[in-house]
Amino acid sequence: MASTTPLDLPPAPPAPRGRPGSTGRAGDKIFIGLSRGSGILLLVVMASIAVFLSYRAVLAISKDEGNFLTTLDWNPAGDPPVFGIAVLLFGTVVSSVIAMVIAVPVAIGIALFISHYAPRKLAAPLGYVIDLLAAVPSIVYGIWGALVLVPYLEGLNLWLDQFFGWTYVFEKTEVGIPRSLFTVGILLAIMILPIVTSVSREVFLQVPKMNEEAALALGATRWEVIRLSVLPFGRSGIISASMLGLGRALGETMAVATVLSPSFIISLHVLDPGGGTFAQNIAAGFGEADEFGRDALIASGLVLFVLTLLVNGAARLIIARRKEYSGANA
Amino acid sequence: MSHATTTDVQDDRPRTTPEPRTGGLSSRSLPRWAPLGFAAVSLALGVGIGAAAGWHSRTQWGLLAALLFLAISYAATTAVENQRQAKDRLATSVVWVCFLAAVVPLASLLWTTVSRGAERLDGYFLTHSMAGVLGFEDTGGVYHALIGTLEQVGIATVISAPLGLLTAVYLVEYGKGSLAKAVTFFVDVMTGIPSIVAGLFILSIMLMAKIEPSGLMGALALTILMVPVVVRSTEEMLKLVPNELREASLALGIPKWRTILKVVLPTAIGGITTGVMLAIARIAGETAPIILLVFGSQLINTNPFSGAQSSLPFYIYEQYKVGEAASYDRAWAAALVLIAFVMILNLAARGIARWKAPRTGR
C-alpha cells in the first residue's frame, strides 16, 4: 500500500507497523479507534450495570433489618425496614419452570413440524410467522392474558383441582379468578414459544442431510430418523434454546404485572392467586417507593440480573461449544 | 405420507393371501385418509363427552379430543400395521397437535387485539391526548403517547445504530484476540438482559446524579436493549460480504477504513437496515423502563429532555390499570396501534432484506 503514495514523501517508505491490516494512515487510526472504542464502551456499560446496581443494593441491604435472602416480607418503608427476596425468588423460579415445562416440548414439536413435517411450501412462511410473533410486545401479551386468558382458564383450573387436586400442587384452596403463578406460567410459555421454536428450528435445519438419508436408507420411519439423527444432533441446540427462553421468562415484567394478583406468601398451591416475581414486584412497587424503597427494589433487580446473566451465559457457552463441534463435522 | 402411498399401491396383491405382519412393504397399511378419520372421530367424542360431563371450558373439550386422537391413531395403527409405524404416526400426530395447540392462543391474541382495538381506533383517538379525561369517560386518545414513543425510540436509535454498527465493524473487520471474544460474549449476554434491569441501571444513575425523569432517560435504557441486537444482526450481514470485494479494494491501494466505508458497508446496507428496523420494533414495545424512568403523563410533552412523557406501551398499561370499560377499550386500541407499528416495521424490514438479498448474496 505504501507504494501508491505520491513521490514527494520522505525517501524511506514507512514500513507498515503493527498488524498487516493497518496502513498507519490517520483515517485508519481514527476508524480503528472508533470501532474498538465502541466495543470497549459496551463492555464498560455491562460492567457499570453490575457496579451501579451492586452499589445501590449494598446501600439498601445494609439497612435491612430482616434477612435479605429469607425474609417473607417486603416493607422497606417500615420502621425498621424489613424486606427479603424469598417470595420473589420462589415466584420467579416457579412461574418460569412452569413456562419451560409447557413451552419446550411444544416448541420442539413446532420446530420439528416446520423443519421435517410441514409441506415444503408451508415451511418457510411458518418460520416467518413464528418470527413475527416473537415481535409482539409483552404488554400486549399482558393485557390479552389478563382480559382473555384469565377468564378462560377458570374452567381448566376447576378441572385440574377436581382431578389432580390430590397432588397438592394442583389443589385449589381459594375460590376466585385464577390470577395465579400457574396462569402466569402458561402466559410466559406462550410468550417464549417463538424464541425457543426459532432457535431449535435453526438447529434442526443444520442436521447433516447425510445422517438423515443414511437412516432412511436403513428403512427407518420418519420418527426413527428424528430420534436417531435429528434429536441427538440438536440436543445442545435444544438445551440452549430452552435456556434462552428461560432467560426471557425470568425477566418478563409486564405480562406478570398485569396477570398476577401479588401477595407476599410462598405457597406450592400454584392455582391459588398470590406470590410475586422480581420484575413484577419492581414494576408494581416502584410507584409508591421512596428513595430507600427504590434502592431495595434495585437490590432485588440485582439478583434478577445475576440470575439471567448465569442462565444466558450458560446458554451462550453451550451454543459456542456446539459451533466448534459442527464446524469440525461440516 | 409418502410411505402410505407406496404401500397403498402394492396393497392389492396380498389382500387375497393374508401374510403375517412383518413390517415389509407388503404388510397391511391404513388408508391415506385415516388420520382425518381419526381426527373427526376423536373431535366428535371429545365434544360429546365434554358436553355430556358439563365441562365449562371448550379448552378441555379440545384437550380431550387431542388426547383421544393420539390414543385412537396409536391403537389403530398398532392393530393394522405394526408398532414402529404406530410410533411414527404417534410422533406425527404429536407434532401436529403441538403446532395446532400453539396456533390457537397466538391467533386468539391477534384476533382479540384487532377486533377489540378497531372499536375505538379512529382519527380522534390518534390526534387527542388524555388531558382532562377521566378514566370512565370514553373520549381521549393516544396522541401524547405516540409522540413519546416516537421521540424515545428515535433518540435510542440515533445512539444505538452508530454504536452497534461500529462495534460490529470492529468484531468482523478488526477484532482478534481476547478483547473481541469478550465483546462477542457480552453482546450475546446483553441481548438477554431483562428490560427492567436496564431500567434499574439508569435509575441508579438518576438517583445518584439527582436527575428528574424524562424521555431521554427512557431512551438511554432502550439503547442498552437495542445495541446488542443491532450488533448481532450487523455482524451477520458483514460476514456475508465476500472477501474478494475487500481484497479487490485493498489491492487498489485504498485504505482499510475507506474500503469498509465505501465497499463493505454499502454492500451490506440492506441487511444492516433490516437489523436496525427489527431492533426498533423490539424496543418500541418495552414498557418496564418507561415505568421507571419516564414516569408517564396524561399531557402532551414534546420535549424528551425534560419532564415526564408517555409512550404507547406505558399508555396501554396505564389504561389497563384504570380498570373501566372505557379504559379497556382505549388499551386495546392503543395495543392495536402498537402491534400495527411493530408489524409494519417488521414486514418492511424483511421486505428490504429480500429486495437487497441477491446483491449481498453473490
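Analyst: A residue is buried if 20 or more other C-beta atoms lie within 10 Å of its own, exposed if 12 or fewer, and partly exposed in between, with C-beta atoms placed from the backbone. The model is predicted: local features need pLDDT of at least 70, side-chain atom pairs count only at pLDDT 80 or more, and totals for chains, interfaces and linings use all residues. Residues are numbered from 1 along each chain as its sequence is written, while chains are lettered from A and ligands numbered from 1 in the order in which they are written.

User: Is B:F295 buried or exposed?

Analyst: B:F295 lies in the loop between α13 (288-293) and α14 (312-322) of chain B. Helices here are DSSP runs (H or I, at least four residues), numbered from the N terminus; strands are runs of E, at least two. B:F295 also has a positive phi of about 80°, although it is not a glycine. It has 20 C-beta neighbours inside 10 Å, so it counts as buried.

User: And B:K210, buried or exposed?

Analyst: B:K210 sits in the loop between α9 (195-209) and α10 (215-240) of chain B. Its phi is positive, near 55°, and it is not a glycine. Most residues other than glycine have a negative phi. Because 6 other C-beta atoms lie within 10 Å, B:K210 is exposed.

User: Which helix of chain B has the highest mean pLDDT?

Analyst: pLDDT is the predictor's confidence in each residue, from 0 to 100. Chain B averages 84, and 90% of its residues score at least 70. Among its elements, helix α1 (residues 2-9) has the lowest mean, 45. The highest mean, 93, belongs to helix α7 (residues 143-174) of chain B.

User: Over which residues of chain B is the pLDDT below 50?

Analyst: Where pLDDT is low, the predicted coordinates should not be read in detail. The stretch in question has 20 contacts in the model beyond near neighbours in sequence. Two residues are in contact if their C-beta atoms, placed from the backbone, lie within 7 Å. The stretch is residues 1-23.

User: How many helices are there in chain B?

Analyst: Chain B has 362 residues, and 48% of them are buried. Strands number 0. The helices number 15.

User: Where in α7(B) does the kink lie?

Analyst: The bend at a residue is the angle between axes fitted to the seven residues ending there and the seven starting there. In α7(B) the kink is about 25°. It comes shortly before the proline B:P162, at B:S160.

User: How many residues of chain B are in contact with chain A?

Analyst: On the side of chain A, 75 residues take part. Helix α1 (residues 26-62) of chain A gives the largest share of that side, 18 residues. The predictor gives the complex an ipTM of 0.84 and a pTM of 0.84. The number of chain B residues in contact is 78.

User: Which residues of chain A does B:L338 touch?

Analyst: B:L338 is found in helix α15 (residues 325-361) of chain B. It is buried, with 27 other C-beta atoms within 10 Å. Not counting residues up to four places away in sequence, its contacts in chain B are B:G285, B:L312, B:P313 and B:I316. In chain A it touches A:P137 and A:V140.

User: How far apart in space are A:L147 and A:V259, C-alpha to C-alpha?

Analyst: A:L147 belongs to helix α4 (residues 138-164) of chain A. It is partly exposed, with 18 other C-beta atoms within 10 Å. In sequence, A:L147 and A:V259 are 112 residues apart. In space, C-alpha to C-alpha, the separation is 8.6 Å.

User: How many residues of helix α9 (residues 278-285) of chain A are buried?

Analyst: Among the buried ones are A:F278, A:Q280 and A:G285. The helix is largely enclosed by the rest of the structure, because the buried count, out of 8, is 7.
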